[in-house]
Amino acid sequence: MSTPPNAPTLTTAAPGTPATAGPADPRTVDPADPGTVDPADPGTVDPADPGAVDLADPGTFAGHGPDLDGFWRTLRDTAPLHWNPPTAGRPGFWVLSRHEDVMAVYRDNVNFTSQRGNVLVTLLEGGDAGAGRMLAVTDGPRHLELRKILQRVLSPRVLDEVARAVRLNTRQWIREAVEVGSCDFAERIAARIPMTTISNLLGVPEQDRDYLLSLTKAALSADHEDVDEVDSEMARNEILMYFMDLVEERRESPGEDVISMLIGSSIDGVPLSDEDVVLNCYSLIIGGDETSRLTMIDCVRMLAARPEQWRRLKRGEVAIETAVDEVLRWASPTMHFGRSVERETELHGVRLRPGEIVTLWHASANRDERVFERPGDFDLGRTPNKHLAFGYGPHFCVGSYLAKVEIAELLQALRDFTLGFEQTAEPLPIRSNFLTGFSTMPVRFTPDHSGPEKCG
């Protein structure tokens with residue numbers, strides 16, 4: 001995850017000229033040229049024109065913009081390394097859309113680095129304040145040591161008790177919602193499961209969790225157009241300040257939570273500083289909430305819209321674990337991550353220069369026809385399923401096991417307690433160039449009265 005872009009600004013390398021003779025280097029295109037996107041009106045462009053979509057603009061993904069399926073298909077087929085030109089004062093950046101290219105850059109921590117930011121919001125600002133201290137934006141030996149520390153509390157071996165709590169909570173909340181008959185699934189269920197789980201791990205008091213949820217939802221996305229980047233930056237800073245206070249409390253009175261464990265940890269004999277602990281708590285609270293929450297919401301949307309897939313799940317015709325992977329592939333809640341070029345390298349015949357930004361788009365890679373058969377079909381029985389919802393390589397999501405547990409328990413509870421459900425109103429899409437999904441999901445349940453007998 002990223003931290004507020006409040007570190008001293010780093011500058012990316014100026015666009016250069018082509019390394020070899022051939023077509024004009026896209027980095028030299030005038031952003032005012034009529035062939036580029038009008039950032040004020042993304043919905044009027046032809047989505048099949050690669051130059052007509054600005055991936056830096058949250059409005060591109062806000063539900064009223066162009067149909068991006070055609071755009072991504074065009075990129076995968078004709079421009080697997082695409083240049084998103086500078087717009088609205090933002091620098092340009094490279095876009096990778098094919099599954100194999102995304103995996104290759106994720107694996108390559110020699111030519112590419114995470115330490116100048118790993119999402120557009122910080123990459124385009126020139127850097128990430130957490131670089132070298134927060135797991136997601138740290139590379140090399142320190143990244144390995146930080147990862148070992150976090151894996152002590154997030155590996156499957158040590159999360160058995162947490163998984164049991166997830167199961168009990170999820171079944172209780174689904175059963176209650178089904179008994180009531182209808183609810184906003186996003187608010188009543190999807191917002192509670194991951195936030196309760198990660199808050200328990202971090203030792204966040206119960207009375208603070210709604211407040212933290214409101215901050216995490218605003219940190220890298222927005223529910224309405226009138227929420228701007230200033231509001232998001234304020235939310236990110238408030239999360240940091242909240243955890244700074246909590247770290248001070250834990251230093252005085254340690255507990256059995258992750259914060260206390262981080263405070264007691266060291267790398268090469270040097271204890272983690274308060275800032276180190278706070279930044280990694282920030283990453284955990286956002287990462288622990290967003291992927292599961294947005295995937296759960298989209299899962300219910302798709303099962304309501306695809307009754308044949310719901311029937312397969314309800315009848316036990318597909319394994320829960322297999323269904324979880326397809327739900328993650330389909331939702332792809334984190335649309336992209338990013339890297340900066342560390343050493344001059346070449347992709348698809350184009351010379352990439354140190355400092356340039358390269359973005360890796362799960363939103364496209366998880367629909368790549370070269371890897372997935374019928375990628376446009378939502379198929380709960382899909383196997384193999386080499387989705388990239390959790391990234392790949394050295395920075396593969398450290399919380400992936402917990403996220404899968406949460407989604408699996410949701411699917412199991414839905415299968416046990418309801419005969420089916422329907423969407424009762426249009427959901428509200430979030431606004432972000434990083435996350436995709438919905439902030440509301442009104443549904444009506446049909447109860448399965450044999451469900452309580454399965455609660456065990």
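Against which elements do the buried residues of α2 pack? They pack against β2 (93-96), β3 (112-113), β7 (336-341), β8 (345-347), β10 (357-361) and α14 (362-365). The model is predicted, so local features need pLDDT of at least 70 and side-chain atom pairs count only at pLDDT 80 or more, while totals for chains, interfaces and linings use all residues. Residues are numbered from 1 along each chain as its sequence is written, and side-chain values use heavy atoms, with hydrogens and water left out.

**Overall content**

The protein chain has 15 helices and 12 strands; these are DSSP runs (helices H or I, at least four residues; strands E, at least two), numbered from the N terminus. Of its 456 residues, 56% are buried, where buried means under 20% relative accessible area with a 1.4 Å probe, protein chains only. Among contacts in the protein chain with a separation of 6 or more, 71% are between residues 24 or more positions apart; contact means heavy atoms within 4.5 Å.

**Around α2 and β10**

Helix α2 (residues 99-107) has His99, Asp101, Val102, Met103, Val105 and Tyr106 as its buried residues. One of the elements they pack against is β10. In β10, 5 of the 5 residues are buried, so the strand is largely enclosed by the rest of the structure. Ile357, Thr359 and Trp361 point one way from β10, and Val358 and Leu360 point the other way. In a regular strand the side chains alternate between the two faces of the sheet.

The table lists strand pairings, where two strands pair if DSSP finds at least two bridges between them.

| Strands | Sense | Bridges |
|---|---|---|
| β2 and β10 | parallel | 3 bridges |
| β7 and β10 | antiparallel | 5 bridges |
| β11 and β12 | antiparallel | 5 bridges |

Val95 stands opposite Thr359 in β10, and Arg339 stands opposite Val358 in β10. Arg339 is also among the residues touched by Ser114, together with Ala136, Val137, Asp139 and His395, not counting residues up to four places away in sequence. Ser114 is found in the loop between β3 and α3 (120-123) and is buried, with a relative accessible area of 1%. Its C-alpha lies 8.0 Å from that of Ala131, 17 residues apart in sequence.

**The open sheet**

An open sheet of 3 strands runs in the order β4-β12-β11, with antiparallel pairing. Its edge strands, β4 (182-184) and β11 (418-423), each pair on one side only. From one strand to the next the twist averages 25°. Gly420 has Thr446 in β12 as its bridge partner. Helix α11 (residues 274-305) packs on the sheet, touching β11 and β12, and its direction makes about 95° with that of β11. Helix α15 (residues 400-417) lies across β11 and β12, at about 110° to β11. Angles run from 0 to 180 degrees between N-to-C directions, and axes are lines fitted to C-alpha atoms, for helices over the stretch in contact.

**The α7 and α8 pair**

Helix α7 (residues 192-202) packs on helix α8 (residues 209-219) at an angle of about 110°, with the axes 11 Å apart. The two are therefore roughly perpendicular to each other (65 to 115 degrees; under 35 counts as roughly parallel, over 145 as roughly antiparallel and the rest as oblique). Met195, Thr196, Ser199 and Asn200 in α7 meet Arg209, Leu212, Leu213 and Thr216 in α8.

Notes
Buried < 20%, exposed > 50% of the residue type's maximum accessible area, 1.4 Å probe, protein only.
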